[in-house]
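Please examine the sequence and the structure shown below.

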Amino acid sequence: MSTLAIDIGGTKFSMAVFEGGRMLERASRATDREGGREWMLQQIAAVARDWGTHYQFQRCGIGFGGPVEFERQRIALSTHVGGWSDFDLPRHLERTLGLAPVMDNDANVGALGEALYGAGRGYRPLFYMTLSTGIGGGIIPSGEIIYRGADSYAGELGHIVIRPDGPECLCGWHGCFERMCGGLWLERDYGRPAEELLRDPEFVKRYVVDLAMGLKSAIMLLNPARIVIGGGISKAGDALFVPLRAELRTQITTWSRARIEVVPAALGDDSVLYGAMALAEKPVTGYSFPDFRSPKSGNEYPVTGFYPVLDTELLARRGLSPADAAEAILEAGARILQFRHKGFFSRDAFEDAQRVAGLCRAAGALLVINDRVDIAMLLGAAVHLGQDDLAPADARKMTNAIIGFSTHNEQHLRAGDGEPVDYLAIGPIFPTASKQHPDPTLGIQQLRSLRTLTRKPLVAIGGITRAIAGDVLQAGADSIAVIGDLYPDACTKASLRARAEEWMAIFSSRKSPAP
Ligand SMILES: [Zn+2]
């Protein structure tokens with residue numbers, strides 16, 4: 001079980017093989033600006049094929065030196081090598097190497113690498129900055145989470161303006177942080193490479209003033225527990241970091257007791273490689289899969305493709321309380337949870353739902369109440385409606401919350417697409433034991449063609465097991481609702497959590513295609 005890590009930077013690309021968190025192979029080549037994209041892709045494929053004779057690659061992570069739209073898994077643009085804009089690098093590597101890579105920009109990936117294996121271990125929130133040819137930033141608010149913002153453009157510290165009267169930047173603005181402090185410009189402005197300039201104490205004295213101005217924004221905005229600086233320039237060591245810390249102390253507003261904890265990257269040139277390995281291996285929780293948004297309230301919920309359903313009747317048979325089950329599933333990383341109670345909604349049932357609502361709130365997960373708009377409103381939850389429940393348009397008159405709607409065939413789905421709902425469920429895809437008079441099953445082929453009928457997020461439901469989940473995602477489902485295959489026969493909190501983790505892992509290793 002090996003992981004292939006790829007770091008595509010401004011002046012070079014590097015690759016590595018990891019097993020169990022250890023780097024076993026490493027290769028690095030200078031970027032051939034003339035050869036451009038095709039040249040680099042050929043080099044990467046050659047190295048990977050060579051290693052492939054000794055290692056069995058299961059996963060692949062990529063850190064790319066330019067903005068990446070994470071949800072689309074596309075490179076937004078590259079300023080250093082031509083031909084990358086809107087390029088589908090993961091799909092290309094999937095075709096040539098038979099791997100399904102996960103890609104992010106190198107600052108985010110470097111941040112993850114330092115956060116888990118380098119100077120950022122134990123420091124959250126962590127801010128990581130690459131200081132090399134250009135300047136990029138990555139934010140790790142907690143654990144293994146990369147904060148990407150609404151459109152994958154969070155952390156782009158390089159283009160905040162620190163000198164409004166300064167020289168023009170590549171972005172068209174003046175005096176950007178990157179324009180004042182990036183290695184590319186230092187060399188052009190001063191006629192000497194950055195490495196040489198940083199050995200000159202007089203230069204460093206002036207340089208740290210600008211550098212601190214940029215970092216001050218990160219400190220004022222994020223109050224990070226630590227700032228880790230990677231990239232070529234950070235190798236200057238104490239000659240840079242000692243005056244930098246002193247300058248930051250003078251610039252940070254006196255009433256702010258925000259700590260000034262700025263250190264060089266511990267992984268040197270390998271921060272991005274370690275991060276790419278982690279990106280490929282760690283479950284992706286939140287901030288990554290299509291979000292359910294409520295157009296009315298503006299609320300947004302980052303959800304994974306895993307849509308677990310707490311069925312109270314089934315749980316009663318397995319002898320587990322809804323609250324214990326919710327806790328186990330949320331601990332596994334689920335970010336959406338449906339509470340399904342088909343019988344009379346007694347006071348006890350409501351209290352169960354209330355407990356689950358509290359757990360979801362604490363975990364930042366979206367609670368969805370099945371069938372009952374009134375109960376959902378009382379709990380501040382989303383509601384999922386069936387064909388025989390209150391009509392979506394009537395429910396919408398009552399609540400601004402997220403509304404989901406069950407559909408069972410083409411006619412339902414076409415009608416549902418025009419309803420004021422935020423997502424549609426489609427199924428049963430496969431036979432299921434949980435309904436007394438089930439609708440006819442649809443199967444994968446029909447799911448694929450039905451997918452094209454709506455642009456709303458589509459949740460596939462009905463008899464989907466771990467074994468077939470990959471095919472369901474491939475057919476275009478954004479998310480999979482799981483009931484039967486979620487609950488092991490011997491259902492305890494621990495066994496349920498382990499099962500939910502298995503489900504989460506399915507979504508971390510592949511992205512569902514965009515509608
Ligand atoms: Zn700029």
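This is a predicted model: local features need pLDDT of at least 70, side-chain atom pairs count only at pLDDT 80 or more; totals for chains, interfaces and linings use all residues.

The domain assignment divides the protein into domain 1, covering 2-101, domain 2, covering 119-266, and domain 3, covering 292-508. Between the centres of domain 2 and domain 3, taken over C-alpha atoms, the separation is 44 Å.

The average pLDDT of the protein is 88, and 92% of the residues score at least 70. Residues 293-299, however, have a pLDDT below 50; in the model this stretch makes ten contacts beyond near neighbours in sequence. A pLDDT under 50 is also found over residues 510-515, where the model has 16 contacts beyond four places in sequence.

Attention may now turn to a pair of helices. Helix 17 comprises residues 466-474 and helix 18 comprises residues 493-508; the two pack with their axes 10 Å apart, at an angle of about 30 degrees. Because angles under 35 degrees count as roughly parallel, helix 17 is roughly parallel to helix 18. The crossing of these two helices, helix 17 and helix 18, is right-handed.

Which residues of helix 17 meet helix 18? On the side of helix 17 they are R466, A469 and G470, and their counterparts in helix 18 are E502, W503 and I506. Sorted by class, the contact of helix 17 with helix 18 consists of three nonpolar residues, one polar residue and two charged residues.

Definitions and conventions:
Residues are numbered from 1 along each chain as its sequence is written. Axes are lines fitted to C-alpha atoms, for helices over the stretch in contact, and angles run from 0 to 180 degrees between N-to-C directions. Helices (H or I, at least four residues) and strands (E, at least two) are DSSP runs, numbered from the N terminus. Angles under 35 degrees count as roughly parallel, over 145 as roughly antiparallel, 65 to 115 as roughly perpendicular and the rest as oblique. A crossing is left-handed if the near helix is turned anticlockwise from the far one by less than a right angle, and right-handed if clockwise. Two residues are in contact if their C-beta atoms, placed from the backbone, lie within 7 Å. Ala, Val, Leu, Ile, Met, Phe, Trp, Tyr, Cys and Pro count as nonpolar, Asp, Glu, Lys and Arg as charged, and the others, Gly among them, as polar. pLDDT is the predictor's confidence in each residue, from 0 to 100. Domain bounds come from an automatic or database domain assignment.
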